[in-house]
Amino acid sequence: MELAGRLAEDVLYANAAAVDTGRRDLGRNLDVLARHGFYGSMLPPEAGGLGVDAGTAPQLAEVLAAGCLSTTLTLGQHLGISGTVAAKGSPELRRRWLRGLADGRIRSGAAFTGAMPGPPRLTVRETSAGYRLEGTAPWVSGWGMVHVLGTAARDAEDNIVWFLVDAEESATLRVQPHRMLAADATNTVTVEFTGHPVPADRLVTVSTRAEHAEGEPFLHRLNGALALGVARRCVRLLDDDPAWAAELDSCRADLDAMKDLEVARARAAEFAVRAATACVVHGGSSAVLADSAPQRLLREAGLLLVFASRPGIREELMHRFEH
Ligand SMILES: Cc1cc2nc3c(=O)[nH]c(=O)nc-3n(C[C@H](O)[C@H](O)[C@H](O)COP(=O)(O)OP(=O)(O)OC[C@H]3O[C@@H](n4cnc5c(N)ncnc54)[C@H](O)[C@@H]3O)c2cc1C
């Protein structure tokens with residue numbers, strides 16, 4: 001954690017404005033994190049990973065996000081997918097991919113579309129040579145910086161089928177970039193699959209909706225850490241004011257309790273917006289300059305109001321903003 005803190009300050013935060021304004025390639029931050037083993041953060045040591053446990057992972061995400069949200073958000077997609085390969089992949093799949101995923105030679109993005117409830121937006125059908133994907137993944141971060149996409153598609157029985165798909169444009173895989181309020185450096189795109197072929201050996205696992213839901217609490221805790229990271233930086237810029245610091249600790253304790261997680265995530269997201277707003281006010285006119293941290297943090301906190309949201313989070317946030 002000490003190394004993560006040092007890199008978050010000396011590399012990520014030191015370059016956050018340059019990354020945000022497009023003067024520094026986000027890939028350079030990712031290279032540094034890969035060199036120090038962070039692509040394998042959540043993989044076991046026998047797979048070449050750092051073996052960070054579930055209790056420590058949110059702390060790591062918070063520390064890194066306090067350095068640079070774009071970097072942490074992009075890395076986060078890889079960590080989720082590599083964890084799925086380690087936990088659910090066949091011995092052959094693990095032998096083939098885990099080392100590269102752990103040391104960052106192979107970098108993964110994520111397209112969770114098939115895991116979303118409601119009518120399937122991305123479907124899979126089996127063919128004699130493997131599989132074909134059809135549909136849209138509306139949000140995929142890290143395009144151009146990843147080699148594969150951990151992709152969830154729905155089969156005819158409504159199962160969630162996970163693949164490692166090559167992250168390469170082709171006649172059957174088209175991308176459309178998004179321009180966003182913040183974190184544009186993540187190169188977030190929409191991916192359109194039109195009968196895209198996937199070889200059989202790229203199947204990672206098949207899960208039911210209930211099995212997928214088991215992972216939601218941990219995902220909430222990790223995604224909540226992004227808002228805490230932005231807020232943590234704001235508290236620092238507010239001269240570590242004790243009242244702001246205490247509220248940050250309280251938001252973290254709510255998330256750590258792992259109960260009412262949607263409410264806890266909404267609270268953390270709203271706190272990040274408030275802390276970032278205070279940062280702008282505290283910083284005065286120069287806080288709105290394109291290279292200044294407060295305005296960037298305010299935009300990032302705005303983005304986190306909807307990133308990886310769920311109906312309960314949206315409802316709680318609407319309630320908080322209405323009253
Ligand atoms: C900047 C940015 C980057 C993003 N990057 C990625 C990325 O790299 N990969 C990726 O897959 N998504 C990514 N997302 C998508 C993000 O997770 C969704 O924005 C979020 O899930 C909710 O989207 P929404 O509010 O538009 O709801 P909708 O997209 O309309 O979702 C409909 C419903 O599905 C639920 N839902 C959505 N995702 C899931 C899920 N995984 N499991 C269970 N329920 C779900 C929502 O709660 C909602 O109720 C990104 C979003 C943003 C804003």
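Biologist: What is the volume of the largest cavity in this structure?

Modeller: Rolling a probe the size of a water molecule over the atoms shows where empty space is left. Here the largest cavity has a volume of about 60 Å³. A cavity is a set of points on a 1 Å grid over the protein atoms alone where a 1.4 Å probe fits but cannot get out, and lining residues have an atom within 4 Å of a point. Points are joined across faces, edges and corners, and the volume is the space filled by probe spheres set on them. Please remember that this is a predicted model, in which local features need pLDDT of at least 70, side-chain atom pairs count only at pLDDT 80 or more, and totals for chains, interfaces and linings use all residues. Residues are numbered from 1 along each chain as its sequence is written, and side-chain values use heavy atoms, with hydrogens and water left out.

Biologist: Which residues line the largest cavity?

Modeller: Its lining is made of N223, G224, L226, A227, R265, A269, L304, L305, F307 and I313. Helix 8 (216–237) and helix 10 (261–283) are the elements that each give two or more residues. Helix 8 has the largest share, four residues. Helices (H or I, at least four residues) and strands (E, at least two) are DSSP runs, numbered from the N terminus.

Biologist: How do the residues of that lining divide into nonpolar, polar and charged?

Modeller: There are seven nonpolar, two polar and one charged. Ala, Val, Leu, Ile, Met, Phe, Trp, Tyr, Cys and Pro count as nonpolar, Asp, Glu, Lys and Arg as charged, and the others, Gly among them, as polar.

Biologist: How many cavities of 30 Å³ or more does the structure hold?

Modeller: It holds two. About 40 Å³ of space lies in the second largest cavity, and I81, T84, V85, G150, W162, F163 and V204 line it. Helix 5 (69–88) and strand 5 (160–166) are the elements that give two or more residues to this lining, with helix 5 giving the most, three residues. This lining divides into five nonpolar, two polar and no charged residues.

Definitions and conventions:
On a 1 Å grid over the protein atoms alone, a cavity is a set of points where a 1.4 Å probe fits but cannot get out, and a pocket is an open set with protein on both sides within 12 Å along at least five of seven lines; lining residues have an atom within 4 Å of a point.
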